[in-house]
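Subject: Structure handover

Hello,

Here is the structure for your files. My notes follow below it.

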Amino acid sequence: MSSTERTRTDLGRALCIITGASRGLGRTVAREMSRLVKPGSALVLAARSADDLRALKVELAESEAGRAGLVVECVVADLGEVGGLESVVRASEEAFSEHMDHIILFNNAGSLGDVSRNTQSFTDMAEVDSYLSFNVSSSLCLTARVLQAFPQRPGVRRTVVNISSLCALQPSRSWVLYCTGKAARDMMFKVLAEEEPDLRVLSYAPGPLDTAMQTEARSRTGDPSLRKSYSDMFAQSQLLSCEASCAKLTKLLLEDSYTSGAHVDFYDL
């Protein structure tokens with residue numbers, strides 16, 4: 001969209017697919033998307049926690065959007081398994097209707113991995129493969145399956161969002177799995193943007209969020225200086241709420257002026 005065009009106030013009549021939707025940023029994105037899509041839209045929420053997904057579905061059903069007819073489908077799935085990917089795509093195809101004009105995929109699911117050890121300790125290929133399967137391979141394969149299920153067609157926009165991290169750009173001691181996974185995902189989506197010019201592709205780094213992952217980082221990070229840095233951020237109330245970060249993400253999506261494939265950080269905005 002050119003700078004002279006008015007910023008959108010909604011994301012259209014959309015099919016929104018959100019992974020890692022049961023908690024943290026993913027849960028917040030689901031709430032925000034329910035407010036930003038037009039009536040006739042659908043959310044497909046995927047995560048491994050059935051109870052948390054059910055609670056979110058009830059919350060959204062009771063919201064203004066839910067009362068207006070927003071469809072919410074929950075998929076309890078392990079995205080590190082082929083069956084999990086198939087379940088998400090199948091639910092997305094069932095939730096889609098011909099009057100929808102926007103497909104949005106949020107690749108949010110991810111894990112921290114073992115941050116207590118340095119690189120030279122990772123000698124077990126099965127351990128590394130398991131981490132990369134869930135954090136990298138699943139994101140690539142789900143994106144590919146969604147794009148095949150919903151190919152380019154007139155009048156339908158397609159947007160792919162990768163939840164990234166500063167760790168995609170900067171190394172952190174004892175965080176080799178996490179940094180590697182985030183860097184690989186960023187490059188994957190840069191390539192996708194080059195290959196598919198009709199797509200809108202965004203890698204958004206949400207900043208240091210006050211979530212369970214940050215709690216894990218403060219307690220398990222092996223590098224003492226990094227662990228102290230995270231503890232200090234928490235003690236000094238420097239962590240961000242998911243709501244504050246999600247507000248900037250939605251602003252990016254509504255303005256739609258970012259370069260496709262770009263890595264945009266919370267602090268860039």
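Which side chains meet in a salt bridge at 2.8 Å, N to O? Those of Arg158 and Asp198. A salt bridge here is a side-chain nitrogen of Lys or Arg within 4 Å of a carboxyl oxygen of Asp or Glu. Arg158 sits in strand 5 (residues 157-163), and Asp198 in the loop between helix 6 (176-195) and strand 6 (200-205), so the pair ties together parts that are 40 residues apart in sequence. Helices (H or I, at least four residues) and strands (E, at least two) are DSSP runs, numbered from the N terminus. Arg158 is buried at 7% relative accessible area. Asp198 is partly exposed at 27%. The cut-offs: buried is under 20%, exposed over 50%, partly exposed in between (1.4 Å probe, protein chains only).

Two points on the source. This is a predicted model, where local features need pLDDT of at least 70 and side-chain atom pairs count only at pLDDT 80 or more, while totals for chains, interfaces and linings use all residues. Residues are numbered from 1 along each chain as its sequence is written, and side-chain values use heavy atoms, with hydrogens and water left out.

More on salt bridges. The whole structure has 14. Arg117 pairs with Asp114, with the closest N and O atoms 3.0 Å apart. Arg117 is partly exposed at 21% relative accessibility; Asp114 is buried at 17%. Shared partners join Asp114, Arg117, Glu127, Glu216 and Arg220 into one salt-bridge network. Glu32 and Arg35 also form a salt bridge (2.9 Å, N to O). They are three residues apart in helix 1, about one helical turn. Arg35 is exposed, at 59% relative accessibility.

Next, the second largest pocket. Its volume is about 240 Å³. A pocket is an open set of points on a 1 Å grid over the protein atoms alone, where a 1.4 Å probe fits, with protein on both sides within 12 Å along at least five of seven lines; lining residues have an atom within 4 Å of a point. Points are joined across faces, edges and corners, and the volume is the space filled by probe spheres set on them. Of its 16 lining residues, Ser34, Arg35, Ser63, Glu64 and Ala65 are the closest to the centre. Helix 1 (24-36), helix 2 (50-61) and helix 3 (64-67) each supply at least two lining residues. Helix 1 gives the most, with three.

Last, Asn107. It lies in strand 4 (residues 102-107). Asn107 is buried, at 2% relative accessibility.

Best wishes
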